Amino acid sequence: MGGCFSVSLPCDQVVSQFSQLLCVRGSYIHNLSENLASLEKAMRMLKAQQYDVIRRLEREEFTGRQQRLSQVQVWLTSVLLIQNQFDDLLPSKEVELQRLCLCGFCSKDLKLSYRYGKRVNMMLREVESLRSQGFFDVVAEATPFAEVDEIPFQPTIVGQEIMLEKAWNCLMEDGSGILGLYGMGGVGKTTLLTKINNKFSKIGDRFDVVIWVVVSRSSTDRKIQRDIAEKVGLGGMEWGERNDNQTAVDIHNVLRRRKFVLLLDDIWEKVNLKAVGVPYPSKDNGCKVAFTTRSRDVCGRMGVDDPMEVSCLQPEESWDLFQMIVGKNTLGSHPDIPGLARKVARKCRGLPLALNVIGEAMACKRTVHEWSHAIDVLTSSATDFSGMEDEILHVLKYSYDNLNGELMKSCFLYCSLFPEDYLIDKEGLVDYWICEGFINEKEGRERTLNQGYEIIGTLVRACLLMEEERNKSNVKMHDVVREMALWISSDLGKQRRNVLCELVLGYVKYHKSRIGTL
Ligand SMILES: Nc1ncnc2c1ncn2[C@@H]1O[C@H](COP(=O)(O)OP(=O)(O)OP(=O)(O)O)[C@@H](O)[C@H]1O
Ligand SMILES: [Mg+2]
């Protein structure tokens, strides 16, 4: 029943094909020694070719303007792969050669010799093919990155035109290559730096690249290097395997050939430009570095002795911003609301962060009762106000957390015991700290006073206290910062009574001692 079919081939054709097959298979064995030698030679040539291509790539990619072609990368990966296979194959070379007999025409184990010989033969063909593909006229092409990435910011920015112009002029002045912007949390430093960044995109090609790096508290040199490297086209596999010093050299080699602008947002400590690999900006290289920080001390450490303060908005600017955030409809929903809204806006004391958060919370409140209630809450227990804790106080608290040591922190919190907007006499403040036992007078009055003034200075430079412009012997606390201090003293809002007691005690102590001085 089984089907039976036959294929008829001329007999001499079958014999010829069979003998050819035997011949090829036989050649795996009797040409093994010769093939191995050819393979080793071809491999050496391929490695030399690979080395040349990598050198060319390094030269072109180091400018930061070029990136390797995909076909070159595919070739390099294939070369790596074949190298690994070659390294696997080579150790058994001697054993395999010894296995041959009859002057290399036969083997003591035909099967093993055949397999090995076949691998050698195939690999030889692949290496030769890779060699023929490895002659590239071009290995890289221009990197398609935008030289300045425009960064979006909220449309309702008020009152930064003058500051922007001043900061821009200061940065672009021939002599100065580095600009420091400092100011309290939420005052608009990042916003101003964003505007500076975007302005670079409108001035044509005076700079090769503008690099924006968000630093923040937990940042490291490594993270800064990574951001810079990515922007200048140094990202990638090989870079990831390099240590900080090698990366600094790589970055330096790219940036020293380019006119760059580096914008560092939110630094809390000195960023060591040299360690990161950034050439120091100078008149000669025409490069620029600008940074923002909450600490004036950091500006000094960065070598900027005349930093620019980003200050709170003026009352009319605050009101403009608040109106924009709350919206005309809400403000027009009752004739009494604008008057109440002005009172709410005033509570923010010109701090854009607070104006935005509080304005947004009030945007949907359209009755006089709700607005009156908002004023009550902001006056008696501002932390209860919607968004105050999460979006304002927590953000500002980083400045407190960054203070060095418990003494500094206690002295700062103590200042919140003075009433809102109170002008605090510096020497009087040091006396209260002495009374509280924060600092003691054992070392003599002058040394203690100096210590007290040093603490005040540190708090001022951290933007947690404000020095009076006209009378430098007074300081005061921004109202929102004071709220933050009271909130911290109450264990982040968990123990309000304690704060009240301390407040009362503070006032009593304060007034008693003032009476004593009269
Ligand atoms: N001049 C302004 N007009 C309107 N809104 C502003 C202004 N400045 C800042 N803002 C807004 O206030 C908020 C805080 O601003 P920004 O992040 O720039 O402050 P910052 O000083 O960088 O704060 P931080 O110290 O926390 O980094 C943002 O929502 C921002 O859009
Ligand atoms: Mg910021």
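**Cavities, ligand shell and pocket**

Mentor: In this predicted model, the lining of the largest cavity takes at least three residues from each of two domains, namely domain 3 (315-380) and domain 4 (391-517).

Trainee: How much space lies in the largest cavity?
Mentor: Counting cavities of 30 Å³ or more gives four of them. For the largest cavity, the space comes to about 80 Å³.

Trainee: Which element gives the most residues to the lining of the largest cavity?
Mentor: The lining includes Ala354, Ile358, Asp479, Val480 and Glu483. Two elements give two or more residues to this lining, helix H16 (352-362) and helix H22 (479-489). The element that gives the most, with three residues, is H22.

Trainee: How many residues of the lining of the largest cavity are charged?
Mentor: Among the residues that line the largest cavity are Lys347, Glu420, Asp479 and Glu483, along with Cys348, Leu378, Ala382 and Met388. By class, the lining has seven nonpolar residues and no polar ones, and the number of charged residues is four.

Trainee: Turning to the ligand, which side chain has an N or O atom 2.6 Å from an oxygen atom of ligand 1?
Mentor: There are 20 residues around ligand 1, and those that come nearest are Gln154, Val158, Lys189, Thr190 and Thr191. Thr190 has a polar side-chain atom 2.7 Å from an oxygen atom of the ligand, and the side chain of Asn356 has an N or O atom 3.3 Å from a ligand nitrogen atom. The side chain with an N or O atom at 2.6 Å from a ligand oxygen atom is that of Gln154.

Trainee: What percentage of the accessible area of ligand 1 does the protein cover?
Mentor: On its own, ligand 1 has 630 Å² of accessible area, and the share of this area that the protein covers is 84%.
The elements giving two or more residues to the shell around the ligand are helix H7 (189-200) and H16. By domain, the shell draws at least three residues from each of domain 2 (161-309) and domain 3 (315-380).

Trainee: How many charged residues does the shell around ligand 1 have?
Mentor: The shell has nine nonpolar residues and nine polar residues. Its charged residues number two.

Trainee: Which element gives the most residues to the lining of the largest pocket?
Mentor: The largest pocket holds about 1400 Å³ of space, and of its 43 lining residues the closest to the centre are Glu309, Ser311, Cys312, Met466 and Glu469. Elements that give two or more residues to this lining include helix H6 (161-172), helix H13 (315-326), helix H21 (445-461) and H22. With five residues, the element that gives the most is H13.

Trainee: How many charged residues line the largest pocket?
Mentor: The lining of the largest pocket has 19 nonpolar and seven polar residues. The number of charged residues in this lining is 17.

Terms used: Residues are numbered from 1 along each chain as its sequence is written. Chains are lettered from A and ligands numbered from 1 in the order in which they are written. This is a predicted model: local features need pLDDT of at least 70, side-chain atom pairs count only at pLDDT 80 or more; totals for chains, interfaces and linings use all residues. Side-chain values use heavy atoms; hydrogens and water are left out. On a 1 Å grid over the protein atoms alone, a cavity is a set of points where a 1.4 Å probe fits but cannot get out, and a pocket is an open set with protein on both sides within 12 Å along at least five of seven lines; lining residues have an atom within 4 Å of a point. Grid points are joined across faces, edges and corners, and a volume is the space filled by probe spheres set on the points. Helices (H or I, at least four residues) and strands (E, at least two) are DSSP runs, numbered from the N terminus. Ala, Val, Leu, Ile, Met, Phe, Trp, Tyr, Cys and Pro count as nonpolar, Asp, Glu, Lys and Arg as charged, and the others, Gly among them, as polar. Domain bounds come from an automatic or database domain assignment. A residue is near a molecule or strand if one of its heavy atoms lies within 4 Å of it. A polar contact is a pair of N or O atoms within 3.5 Å; within protein, one must be able to donate a hydrogen and the other to accept it, and residues adjacent in sequence count only if both atoms are side-chain atoms. Accessible areas come from the Shrake-Rupley method with a 1.4 Å probe; for residues, only the protein chains shown count as cover.
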